[in-house]
Amino acid sequence: MKSLIISDIHANLAAFEAILNAEASWDTLIFLGDAVLAGPEPDEVISLLSSLDAICVMGNHDREVLELDRNATMTSPAGTWSKWHRENISKDNLDFLAGFRNSYVLETQGLVLRLTHGCLSRDMGGRLWPDSDLAVYASLASQYPEPYILLGHSHVQFQKTCCGATFVNPGSAGAPYLGHPLACYAVMQDGQITLNAIPYDVEKTCRTMESRARGVVEEAFIEDWKECWRTGRLPSRYFIRDYTPLRNQGYR
């Protein structure tokens, strides 16, 4: 048995397709959320995901698009781009997106897995990092009794065993933040989980962003995301944390 574990595609079709092409043979696809925002191909990504009979978990950006008020006046480039996403996803694909689970328990390959996107409460720091306080790991382990907890959201690829559980983040398929412009994912085969990352056609994503976003959002917004895909670093307008310690430790 072989399962692909993918998270945080963020409407980057070229990255998603590269993973599928690299792993041509598999039995199950596990998707941990955020199919959409901020890339240029949300409808295509959801169409491909829906064709693969994947087990899908709801991400915060998936929910954002679903709950967006299409009549609202957007005052920021990010809001305008979110509205563009909503307007350019077919009804069938919106229905598919709405069917994503908030959390899911999967038994496969002799393992019991908790699947969740990884949006933590504010007092837990919002996201799980490799260097999160041990108390955060302990809290998650007490909340989820399953021995394996799979989650995304932080865009940092890691596998860590502590507090009686193994935590696995496959990294971001479509928007890495640690300076590696790669499509990250994980493979679970015969009960063993391996973290992988591969190059993809970054310039194809940049060209599509230019053609679809020009005239919709300001040029600076477009250039920020092109730089993100080219360098593997989060645009400065979206500061989350200092990634230097994680980069220095070799995380991607």
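**Strands and pockets**

Modeller: The model is a predicted one. In it, strand β2 (residues 28–31) and β3 run parallel and are joined by 2 bridges.

Colleague: What is the bridge partner of F31 in β3?

Modeller: F31 has C56 as its bridge partner in β3.

Colleague: In what order do the strands of the open sheet lie?

Modeller: Two strands count as paired if at least two bridges are found between them. Here 5 strands, in the order β3-β2-β1-β9-β10, form an open sheet with mixed pairing. Its edge strands, which each pair on one side only, are β3 (55–56) and β10 (192–198).

Colleague: What volume does the largest pocket have?

Modeller: Its volume is about 360 Å³. The lining of the largest pocket comprises 20 residues, and those closest to the centre are A38, H61, Y177, W225 and Y238.

Colleague: Which helices each supply at least two residues of that lining?

Modeller: For the largest pocket, these are α3 (60–67), α4 (77–87) and α8 (219–231). By class, its lining holds 11 nonpolar, 6 polar and 3 charged residues.

Colleague: How much space lies in the second largest pocket, and which residues lie nearest its centre?

Modeller: The second largest pocket holds about 190 Å³ of space. Of its 18 lining residues, T116, H117, G118, C119 and Y144 lie nearest the centre. Two or more lining residues come from each of α3 and α6 (134–143).

Colleague: How does the lining of the second largest pocket divide by class?

Modeller: That lining has 8 nonpolar residues, 9 polar and 1 charged.

Definitions and conventions. Residues are numbered from 1 along each chain as its sequence is written. This is a predicted model: local features need pLDDT of at least 70, side-chain atom pairs count only at pLDDT 80 or more; totals for chains, interfaces and linings use all residues. Side-chain values use heavy atoms; hydrogens and water are left out. On a 1 Å grid over the protein atoms alone, a cavity is a set of points where a 1.4 Å probe fits but cannot get out, and a pocket is an open set with protein on both sides within 12 Å along at least five of seven lines; lining residues have an atom within 4 Å of a point. Grid points are joined across faces, edges and corners, and a volume is the space filled by probe spheres set on the points. Helices (H or I, at least four residues) and strands (E, at least two) are DSSP runs, numbered from the N terminus. Ala, Val, Leu, Ile, Met, Phe, Trp, Tyr, Cys and Pro count as nonpolar, Asp, Glu, Lys and Arg as charged, and the others, Gly among them, as polar.
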